[in-house]
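Please have the viewer open as you read.

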Amino acid sequence: MNNSKVFLVGAGPGSLDLLTLKAYQLLKTADVIVYDRLVSNEIMDEINPNAHLHYVGKQESEHTIPQDEINKLLVHYAHKYKKIVRLKGGDPFVFGRGGEEIVELVKNNIAFEVVPGISSSVSALTYAGIPITHRGVSNNFLVMTGHTCNTDGLDLVPWSNLQSVGTIVILMGVRNKSFIAQKLIEGGKPSKTPVAFIERATRHDQKVITSTLFEVANKEIFVESPAVFVVGETVQFHHQWNWFLKEESLEGLGVSVGI
Ligand code: SAH
């Protein structure tokens, strides 16, 4: 084993100040940075200017570089450089395929470390004034993917088991949103259940769109990726707190634009 190390680093949801201190220090000192589409420009502006950069951006629908090539790329860089940062949006293990990269690193005897990041699956809601749990309203939550190559895959979801989930958070769910809403209703979720889409969460142009399961299932709602799709009663708090969130004194809670 040589003395190089690959750091799988969570970049958080986008806002620079939501990067961990550890991630920040690694970005300043990395020899190579392999990064995704979801890493914000604001964060990329902070990296070591001498680092070698490699973009492996992925769109929801198209994988620009196949995952096994990314895995091999990390091994390649580990043989060439000392400090390799694999930077991913949010947390590396929340639909980040971090585990697959680690399997390849282990196979090649390459040292690694994982630096957790703030996941959009929780922080997007926080910045939209939606508590993911709230005593008496929602006492559990589920994070799931809404992305499959075809809708048949989503049919394998045990939709009727989801009716007892307090807050359902769907990542990569924009394209299949109507299908998902329809399945949740068929599975027993009341059609009036409030829904929110949080686009570009925590970024300066964050946008929150609120609706109901019925509307999402039956109407054309325009939502831009990346967005977090939230289903549950705590979405109601967005409306109650929204105007507070815009007050400067409560800036710490983040910004929110309701419709
Ligand atoms: N590892 C990431 C998730 C990767 S899956 C994390 O922990 O956040 C990619 C999906 O995450 C996107 O399709 C979108 O649903 C969500 N996402 C990531 N960053 C986002 C952001 N800033 N705003 C809204 N959604 C985001």
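## The ligand shell

Sorted by class, the residues around the ligand are eleven nonpolar, four polar and three charged. Here Ala, Val, Leu, Ile, Met, Phe, Trp, Tyr, Cys and Pro count as nonpolar, Asp, Glu, Lys and Arg as charged, and the others, Gly among them, as polar. This is a predicted model, in which local features need pLDDT of at least 70 and side-chain atom pairs count only at pLDDT 80 or more, while totals for chains, interfaces and linings use all residues. Residues are numbered from 1 along each chain as its sequence is written, and side-chain values use heavy atoms, with hydrogens and water left out.

The shell holds 18 residues, and Val94, Ser119, Ser120, Ala201 and Ala227 come nearest; a residue is near if one of its heavy atoms lies within 4 Å. Both domain 1 (5-118) and domain 2 (121-258) supply at least three residues to the shell, with bounds from an automatic or database domain assignment.

## Polar contacts and cover

Which residue places a polar side-chain atom 2.7 Å from an oxygen atom of the ligand? That is serine 119. On the backbone side, an N or O atom of proline 13 lies 2.8 Å from a ligand nitrogen, and a polar backbone atom of alanine 201 is 2.8 Å from a nitrogen atom of the ligand. Polar contacts are pairs of N or O atoms within 3.5 Å.

On its own the ligand has 540 Å² of accessible area, and the protein covers 96% of that, by the Shrake-Rupley method with a 1.4 Å probe.

## The second largest pocket

The lining of the second largest pocket has two nonpolar, five polar and five charged residues. Among them are Arg37, Glu42, Arg200, Arg203 and Asp205, along with Ser225 and Pro226. Domain 1 (5-118) and domain 2 (121-258) each give at least three residues to this lining.

## Backbone details

Serine 225 and proline 226 are joined by a cis peptide bond, with omega about -5°. Asparagine 109, although not a glycine, has a positive phi of about 60°.

How values were computed. Polar contact = N/O pair within 3.5 Å; in protein donor to acceptor, adjacent residues only side chain to side chain. 1 Å grid on protein atoms, 1.4 Å probe; cavity = no way out; pocket = protein on both sides within 12 Å on 5 of 7 lines; lining within 4 Å.
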